Amino acid sequence: MSDRGIRTQLRGLARAEPAPPEAEEPPSPTPAPEQQDREGAAPGAESEADGTARYRRRVLLVLSAIALALALYWASGYVLAYTDDAYVTSDLVAVAPQISGRIVSVNIVDNQAVTKGMVLAEIDPTPFELALREKQAKRTEAEAQLTVDRDTIASAQAQRDEAAAKERLASDNLRRATPVAAAGFVSRQALDEATAQEQEAKAALADAEAAIAKAQRMLALHQAAVATINAEIAFVQWQLDQTKLLAPTDGTISNLILRVGDQAVENTPLIGLVDAHAWRIFANYKESVIRHMIVGHAAWVWLDTYPWHFHRATIQGIARGISRLQTERKLLPYVEPTTDWIRLERRFPVTLVLQDIPPDIVLHMGADARALIIY
């Protein structure tokens, strides 16, 4: 190998030698495990603390809202009273006949509006018409007998007057004959005849007066009979008038089941009539609030048949008692004390009367309502 080749190889080796190593930086110390845990957990712990604080604030807000709502609810009892336990009612008039008989006509239909005095139905008047004619015939006969009695009395009075005249004449004759017979101018026989005539005249007068008294008694009896017949005629006439069932008030027919041919029984209701002038609201209020109410107080009523509108009303009356037992007696109202097995505070009915009802509102007996009273 020549010297030039050797120099070339040596030059290549010199270029290929690595550079001298640089000074290495000292390695940073590895943190301890506890320090690594603290540093890694610091952001999460801070978030958890913030969440706990927010949760506590929410709980406090909810509890405060509940307490405030309860306080407002308790305080509202001294300002206003509300109930949804209310309903619309009126008077249900039970139309019952005063006589018994067969129904021959029904002049109404179910749910029809009627006015006072309107004929609702009719009972067969034939039996009462026949009885009326019979009583009228008896009265005619009795009145004819009264005429006979009066004529008899008049005849007896005439006979009495004649007997009285004869008695006065006989008494005068005897009075005149007595002193004459004592003086011897009239025989004893003539005096006896005058005495006998006087006695006969007195007897005839007594008989005439007895006849008058008897005739007057007969007249009185027949007059009493006529009065009795007149009373019977009036009663039969009243029965005849009762064959027409009249509406006792304005209202609406309810649940009509009466039909032609049915048998009407005295004092048994046949027709139900909802009174058009007795509408009112029965609102059951808790016993803790009725002490604030006064008759005449204003109230506001929500009708479920016409929602989203309050109607003005006034307190007409507040019940002074309720029945604690559900019995057949209706003299005290019974208000159910429990609902779905939950015992409620005792409630008392308060009667509300609607004011200025618009003409387009139709009330229905038994419909639900809500009532609000502001003290």
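Buried means under 20% relative accessible area, exposed means over 50%, and partly exposed is what falls in between. Keep that in mind for this tour; the model you have open is a predicted one.

**Stop one: helix 3.** Select residues 126–183, which make up helix 3. Inside it, pick out Lys 138 and Glu 134, four residues apart, or about one turn of the helix. These two form a salt bridge, with 3.8 Å between the closest N and O atoms. Is Lys 138 buried, partly exposed or exposed? Lys 138 has 39% relative accessibility, so it counts as partly exposed. Glu 134, at 45%, counts as partly exposed too. The salt bridge here is one of seven in the structure.

Six of them make a closed barrel in the order 1-10-15-12-11-16, with antiparallel pairing. Ignoring direction, neighbouring strands in this sheet are turned by 40 degrees against each other on average. To see where strand 1 meets strand 16, select residues 80–89 and 368–374. The two run antiparallel and are joined by six bridges. Click on Ala 86, and look across to strand 16 for its bridge partner, Ala 369.

Which residue does Asp 85 meet in a salt bridge? The partner is Arg 347, at 2.4 Å from N to O. Arg 347 is buried at 12% relative accessibility, whereas Asp 85 is partly exposed at 25%.

Next, select Arg 280 and Asp 91, another salt bridge, whose closest N and O atoms are 3.0 Å apart. Arg 280 belongs to strand 10 (residues 280–286) and Asp 91 to the loop between strand 1 and strand 2 (92–95), so this pair ties together parts 189 residues apart in sequence. Arg 280 is buried, with a relative accessible area of 18%; Asp 91 is partly exposed, with 32%.

**Last stop: the rings.** A search of the whole structure turns up four aromatic pairs. Select Trp 302 and Trp 308 for one of them: an edge-to-face pair, 5.3 Å centre to centre, with 70 degrees between the planes.

Methods:
Residues numbered from 1 in each chain as written. Predicted model: local features only at pLDDT ≥ 70, side-chain atom pairs only at ≥ 80, totals over all residues. Heavy atoms only, no water. Phe/Tyr/Trp six-rings, centres within 6.5 Å; stacked < 30°, edge-to-face > 60°. Pairing = 2+ DSSP bridges. Axes fitted to C-alpha atoms, helices over the stretch in contact; angles between N-to-C directions. Salt bridge = Lys/Arg side-chain N within 4 Å of Asp/Glu carboxyl O. Buried < 20%, exposed > 50% of the residue type's maximum accessible area, 1.4 Å probe, protein only.
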